[in-house]
Amino acid sequence: MLRKLKNNFEDMDKILLIIMFFLSIFGLFNIVSASSREAVVGMDKSVYFYFYRHLIILIGGLIAFIVISCVETKHYYRIVPPLFCAFVFLNVFVIVNGTFTRGAMNWIPLGFFNLQPSEVAKPIIIAALALLVERYGKRVRSPKTKHWNLIWIFCGIGLIIPALVFMQKDLGTTIIQLAIFGVIYLLSPILPKEKWKIIGGLGALLVVFLLAVYAYKGEVLSQKQMDRFNYFNPCSKYAGTGYQVCNAYIAINLGGLNGVGIGKSTQKYSYIPEAHTDMVFAIFAEEYGCLAGLFLLLLYAIILWRILMLSSRASTIRGKYMCLGVAVYIFAHIFINLGGMFGIIPLTGVPLPFLSYGGSFTLSLIASLGIVQRVHIETKRYKLKF
């Protein structure tokens with residue numbers, strides 16, 4: 001067993017591994033500062049309350065990372081289908097019996113750890129779509145075989161969980177899951193003319209679905225979600241929809257190039273809600289400065305570049321699309337989180353990779369990187385054989 005772990009470590013992508021560990025450890029200590037006010041005032045706990053909770057989550061993520069990196073992806077054909085069905089059920093359960101948090105009903109309370117099925121489902125969706133592309137790619141590419149049923153199955157697998165998450169009023173997670181499906185769909189072996197026919201069909205189904213939601217609930221988006229689209233010039237709406245983003249601007253401006261110093265943020269004291277989760281970059285930029293922020297973006301760019309390179313070199317079709325899906329997943333989180341904070345897009349409240357506190361997201365992220373490393377291990381060993 002130890003020999004197998006050692007061999008796996010030797011065959012991993014070291015650059016990706018080092019950055020993952022560095023950002024995970026840095027994010028852990030950054031959470032102490034960003035969450036200090038919430039822990040002491042909001043929770044009446046020790047200043048290290050969120051630090052210890054996140055540490056336990058990271059340990060759990062590390063165990064999941066090691067296990068996933070040891071499981072050959074060919075076994076996913078037996079593992080992923082029951083997992084996918086389980087998370088479809090869990091997302092239905094959340095709609096019926098879930099707990100409301102920040103306007104979305106997407107949590108299952110489990111004592112110490114609150115499970116967010118929509119978050120953990122992301123790597124499972126990626127794996128399921130990749131397996132379908134590998135198994136049925138040649139058939140959907142051939143104009144001589146009947147394959148429309150396979151295309152609709154592919155679309156159903158990719159869209160059923162996002163539809164359920166939308167009903168949970170979690171718009172940010174819905175968008176990310178749709179982005180994962182959309183990119184894999186557009187780059188799949190499906191013939192181009194059939195892709196456009198499917199897009200038209202899905203557009204019609206979307207209209208029907210939205211009309212059904214409106215008929216059942218009397219609205220498609222909640223008022224809170226609608227208010228987020230009013231994101232232009234946030235500081236002119238400081239008392240309303242622009243409060244969070246405007247205070248993020250203030251925090252980044254106070255940080256300047258070099259920051260005000262570790263633990264010396266003023267905006268985390270009642271000015272910025274969710275300072276240790278969705279808005280953590282603003283506190284990071286205030287304390288460490290814009291130069292550190294640019295360095296963080298550089299590390300994100302290297303992560304995405306390494307994953308896309310692994311995708312292009314993968315020895316299997318499933319590995320190629322799994323890496324592609326993980327790259328889209330991470331990029332979508334970065335773009336939506338920072339885009340909302342900078343006022344480029346509506347603020348939808350999704351975690352920032354490695355820096356934000358969050359159990360389900362952290363486990364999902366590290367598990368996804370475990371899949372990427374497994375693909376790299378198999379690719380490296382495949383090349384050695386030939």
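The legends below describe close-up views of a predicted model. Local features require pLDDT of at least 70 and side-chain atom pairs count only at pLDDT 80 or more, whereas totals for chains, interfaces and linings use all residues. Residues are numbered from 1 along each chain as its sequence is written, and side-chain values use heavy atoms, with hydrogens and water left out.

**View 1. The largest cavity, lined in part by helix 6 and helix 7.** A search of the whole structure finds three cavities of 30 Å³ or more; a cavity is a set of points, on a 1 Å grid over the protein atoms alone, where a 1.4 Å probe fits but cannot get out. The largest cavity holds about 110 Å³ of space, a volume being the space filled by probe spheres set on the points, with grid points joined across faces, edges and corners. Its lining, meaning residues with an atom within 4 Å of a point, includes L132, Y136, G137, F154 and P189. Helix 6 (117-141) and helix 7 (148-167) each supply at least two lining residues, and helix 6 gives the largest share, five residues. Helices are DSSP runs (H or I, at least four residues) numbered from the N terminus. The lining has 10 nonpolar, two polar and no charged residues; Ala, Val, Leu, Ile, Met, Phe, Trp, Tyr, Cys and Pro count as nonpolar, Asp, Glu, Lys and Arg as charged, and the others, Gly among them, as polar. G137 is buried, with a relative accessible area of 8% (buried means under 20%, exposed over 50% and partly exposed in between, with a 1.4 Å probe and protein chains only). The C-alpha atoms of G137 and I317 are separated by 9.0 Å, although these residues are 180 apart along the chain.

**View 2. The second largest cavity, with helix 15 as the leading contributor to its lining.** About 70 Å³ of space lies in this cavity, and its lining includes S24, H54, F354 and F361. Helix 4 (49-70) and helix 15 (359-385) are the elements that give two or more residues to this lining, helix 15 giving the most, with four. By class, five lining residues are nonpolar, four are polar and none is charged.

**View 3. The second largest pocket, lined by 21 residues.** A pocket is an open set of points with protein on both sides within 12 Å along at least five of seven lines. This one holds about 620 Å³ of space, and L159, L178, L202, L206 and F209 lie nearest its centre. Helix 9 (192-217) supplies the largest share of the lining, eight residues. The lining divides into 17 nonpolar, four polar and no charged residues.

View 4. The structure holds seven salt bridges, each a side-chain nitrogen of Lys or Arg within 4 Å of a carboxyl oxygen of Asp or Glu. K380 lies in helix 15 and D11 in the loop between helix 1 (2-10) and helix 2 (14-34), so the pair ties together parts 369 residues apart in sequence. K380 is partly exposed at 33% relative accessibility, whereas D11 is buried at 11%. Being three residues apart in helix 6, K122 and E119 are separated by about one helical turn. K122 is buried at 1% relative accessibility, and E119 is buried at 2%. Salt bridges that share partners join D11, K380 and R381 into one network.
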